[in-house]
Amino acid sequence: MIYVKATSDDVLLRKDGEYEICVYGDSFCSVCPKCGREHQLDESIVAQLLEESTLGGTSIYCAACTKTEQDNEVIV
Ligand SMILES: [Zn+2]
């Protein structure tokens with residue numbers, strides 16, 4: 001899952017009852033499916049996900065687990 005972290009300053013309650021959230025490049029976060037740690041997503045990763053339309057149901061490995069996965073691939 002990918003979500004946006006925002007402070008109350010970034011959230012505006014609209015007249016229609018919905019919330020408007022200002023999103024910045026460093027607002028996107030995910031929880032690593034391997035270690036469970038929350039981590040911020042790089043803007044380039046978010047751009048790539050938007051381009052591929054794979055935001056829904058996507059979990060992103062943190063940098064440490066990504067490295068481990070790559071190391072394992074090299075060993076295998
Ligand atoms: Zn991890």
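User: How much of the protein chain counts as buried?
Analyst: Of its 76 residues, 4% count as buried. A residue is buried if 20 or more other C-beta atoms lie within 10 Å of its own, exposed if 12 or fewer, and partly exposed in between, with C-beta atoms placed from the backbone. Please note that this is a predicted model: local features need pLDDT of at least 70, side-chain atom pairs count only at pLDDT 80 or more, and totals for chains, interfaces and linings use all residues. Residues are numbered from 1 along each chain as its sequence is written.

User: Which elements does the chain have, from the N terminus on?
Analyst: The order is β-β-β-β-β-α-α, that is, 5 strands and 2 helices. Helices (H or I, at least four residues) and strands (E, at least two) are DSSP runs, numbered from the N terminus.

User: What is the strand order in the open sheet?
Analyst: The open sheet has 3 strands in the order β1-β4-β5, with antiparallel pairing. Its edge strands, β1 (2–4) and β5 (38–40), each pair on one side only. Two strands pair if DSSP finds at least two bridges between them.

User: How many bridges join β1 to β4?
Analyst: There are 3 bridges between β1 and β4 (residues 28–31). Within this pairing, I2 stands opposite S30, and V4 has F28 as its bridge partner.

User: And what about β4 and β5?
Analyst: Those strands run antiparallel and are likewise joined by 3 bridges; C29 is partnered with Q40 in β5. β4 and β5 form a hairpin with 6 residues between them, and G36 in the turn has a positive phi of about 80°.

User: Which face of β4 is covered?
Analyst: F28 and S30 make up the covered face of β4, whereas C29 and V31 are on the uncovered one.

User: Changing topic: why does helix α1 lie largely in the open?
Analyst: Helix α1 (residues 43–52) has 10 residues and the number buried is 0, so this helix lies largely in the open. Just after α1, S53 takes a positive phi of about 55°.

User: Last one: what share of the contacts joins residues at least 24 apart?
Analyst: Among contacts between residues at least 6 apart in sequence, the share is 43%. Two residues are in contact if their C-beta atoms, placed from the backbone, lie within 7 Å.
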